[in-house]
Amino acid sequence: MREIMLILHFIGLAMGLGTSFAFFFLGRASAKMEPEAGKNFIMNAFSISTMGHIGLGLLFISGGYLMTPYWSILGSSPILIIKLILFLVLGALIGIISSKAKKARKGDSSQMKAIPVLGPIALLTGIAIVVCAVIFFK
């Protein structure tokens, strides 16, 4: 069962972090477009966020299972605590970004201003989670 959960965890990681990388590069591409075209391009690209949400779900479920042997030592593992806190931060960031994108789709274009700021923070948070995981589970 551990191997299945590990496979699901890596698939979730690819989906979640891949979405952040995709939005990073799509954001750079949209910045080179005319403002209205770039805005429409990004709004249409937000359908990719579903992949990120599924990836986060897989990471949560499989990570909870894979953490089973480590829950008892969590208090004495600062890197693991940081990793779990960063996962919560990433979930919050993605929730905020998704909420702002949904409001922007409904016509409140002022919500779009925060997304180019929060997106790279989410990407860096995801990378930091991977770094913490590699350090802890080496």
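This is a predicted model: local features need pLDDT of at least 70, side-chain atom pairs count only at pLDDT 80 or more; totals for chains, interfaces and linings use all residues.

Guide: We can begin with Phe 24, which is part of helix H1.

Visitor: Why does Phe 24 count as partly exposed?

Guide: Its relative accessibility is 30%. Buried means under 20% and exposed means over 50%, with partly exposed in between. The value for Phe 24 falls between these limits, so the residue counts as partly exposed.

Visitor: Which residues form the nonpolar patch on the surface?

Guide: Phe 21, Phe 24, Phe 25, Leu 124, Ile 127, Val 131 and Ile 135 form it, and together they have about 620 Å² of accessible area. Helix H1 (2-31) and helix H5 (115-137) are the elements that each give two or more residues. H5 provides the largest share, 4 residues.

Visitor: How do you know that the buried residues of H2 line one face of the helix?

Guide: In helix H2 (residues 35-45), the buried residues are Gly 38, Ile 42, Met 43 and Ala 45. Viewed down the helix axis, they fall within an arc of 165 degrees, so they line one face. They pack against H1, helix H3 (49-66) and helix H4 (78-105).

Visitor: Ser 77 sits in the loop between H3 and H4. What makes Ser 77 buried?

Guide: The relative accessible area of Ser 77 is 7%. The cut-off for buried is under 20%, so Ser 77 is buried.

Visitor: What does the side chain of Ser 77 reach?

Guide: The side chain of Ser 77 reaches the backbone oxygen of Ile 73, at 2.8 Å.

Key: Residues are numbered from 1 along each chain as its sequence is written. Side-chain values use heavy atoms; hydrogens and water are left out. Patches are made of residues with over 30% relative accessible area and no salt bridge: like charges are joined within 9 Å, nonpolar side chains (Val, Leu, Ile, Met, Phe, Trp, Tyr) within 5 Å. Accessible areas come from the Shrake-Rupley method with a 1.4 Å probe; for residues, only the protein chains shown count as cover. A salt bridge is a side-chain nitrogen of Lys or Arg within 4 Å of a carboxyl oxygen of Asp or Glu. Buried means under 20% relative accessible area, exposed over 50%, partly exposed in between (1.4 Å probe, protein chains only). The arc is that of the directions from the helix axis to the C-beta atoms. Contact means heavy atoms within 4.5 Å. A polar contact is a pair of N or O atoms within 3.5 Å; within protein, one must be able to donate a hydrogen and the other to accept it, and residues adjacent in sequence count only if both atoms are side-chain atoms.
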